[in-house]
Amino acid sequence: MTGIFYGSTTGTTEAVAQDIARQLGVPASDIHNVANAAPETVAHYDLLILGSSTWGCGELQDDWYGFLDALKKQNLAGKRIALFGCGDSGSYPDTFCDAVGLIFEALQQTGCTFIGSCEPDGYESIHSLIRNEERFLGLVVDESDPGKTDARIAAWCEQLKNG
Ligand SMILES: Cc1cc2nc3c(=O)[nH]c(=O)nc-3n(C[C@H](O)[C@H](O)[C@H](O)COP(=O)(O)O)c2cc1C
């Protein structure tokens, strides 16, 4: 079972979460806003799709702070985790989608397996926490390049469907 957990301040990440859910056939009851989700909910799922926008200068979306602390304390061993983020590479090239990297770092020692990393094709040269060697840690939605968003989401969902 798949659970989608997102944090969103102005609705962008929420809309992407809903789009991902539609494409993967995840029902609305399995889409959770981390502002009011119980961390224990993750126990129901074997695949967790976690999404955050980036705020400040490379910071988590506000609602993620408390949720991520609690999430770290759950039993995530054996779970698959896919990450996505929304950001703006034009205004914040050095911290583009850093929240995704922060969530990755926070959960690295939990025994989960990360899936859904991407080739950084079609992005400007990015050197932020989203980059893990030659790949991006997850789906990256860029406000500076909105024309590519739908295709990027669709390709990522296909990738998740295929394993
Ligand atoms: C004050 C401010 C700071 C931001 N800082 C970053 C940043 O460091 N990195 C980034 O990639 N995007 C940054 N953004 C862009 C937001 O992440 C982007 O607008 C995102 O789509 C918001 O998603 P949400 O509505 O789901 O919270 C910032 C935007 C604002 C207004």
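Two remarks on conventions come before that. What you see is a predicted model, in which local features need pLDDT of at least 70 and side-chain atom pairs count only at pLDDT 80 or more, while totals for chains, interfaces and linings use all residues. Residues are numbered from 1 along each chain as its sequence is written.

Let me start with strand 1, residues 2-7; helices (H or I, at least four residues) and strands (E, at least two) are DSSP runs, numbered from the N terminus. Six of the six residues of strand 1 are buried, so this strand is largely enclosed by the rest of the structure. By buried I mean that 20 or more other C-beta atoms lie within 10 Å of the residue's own, with exposed standing for 12 or fewer and partly exposed for the range in between, and with the C-beta atoms placed from the backbone. T2, I4 and Y6 point one way from strand 1, whereas G3, F5 and G7 point the other way.

Which strands pair with strand 1? Two strands pair if DSSP finds at least two bridges between them. Strand 1 runs parallel to strand 3, residues 47-55, and six bridges join the two, with G7 having S52 as its bridge partner in strand 3. Strand 1 also pairs in the parallel sense with strand 2, residues 31-33, over three bridges, and there the partner of F5 is H32.

Elsewhere, strand 5 (residues 80-87) pairs with strand 9 in the parallel sense over four bridges, and G85 has V140 in strand 9 as its bridge partner. In strand 9, residues 139-142, L139 and V141 point one way and V140 and D142 the other, and all are buried.

Turning to the helices, the axes of helix 1 (residues 12-24) and helix 4 (residues 149-161) come within 10 Å and cross at roughly 45°. These axes are lines fitted to C-alpha atoms, for helices over the stretch in contact, and the angles run from 0 to 180 degrees between N-to-C directions. Helix 1 and helix 4 are therefore oblique to each other, given that angles under 35 degrees count as roughly parallel, over 145 as roughly antiparallel, 65 to 115 as roughly perpendicular and the rest as oblique. On the helix 1 side, V16, D19, I20, Q23 and L24 meet I153, A154, C157, L160 and K161 of helix 4, a contact being two C-beta atoms, placed from the backbone, that lie within 7 Å.

The axes of helix 2 (residues 64-72) and helix 3 (residues 98-107) also come within 10 Å, and they cross at roughly 25°. That makes helix 2 roughly parallel to helix 3. Their contact is made by W64, L68 and K72 of helix 2 together with A99, I103, A106 and L107 of helix 3.

Finally, the loops. T9 sits between strand 1 and helix 1, and it counts as partly exposed because it has 15 C-beta neighbours inside 10 Å. Leaving aside neighbours within four places in sequence, T9 is in contact with S53, W55, Q61 and D62.

Most residues other than glycine have a negative phi. C97, however, has a positive phi of about 55° although it is not a glycine, and E133 likewise has a positive phi, near 55°. Are these residues buried or exposed? C97, in the loop between strand 5 and helix 3, counts as buried with 32 C-beta neighbours inside 10 Å. E133, in the loop between strand 7 (131-132) and strand 8 (135-136), is exposed, with 5 other C-beta atoms within 10 Å.
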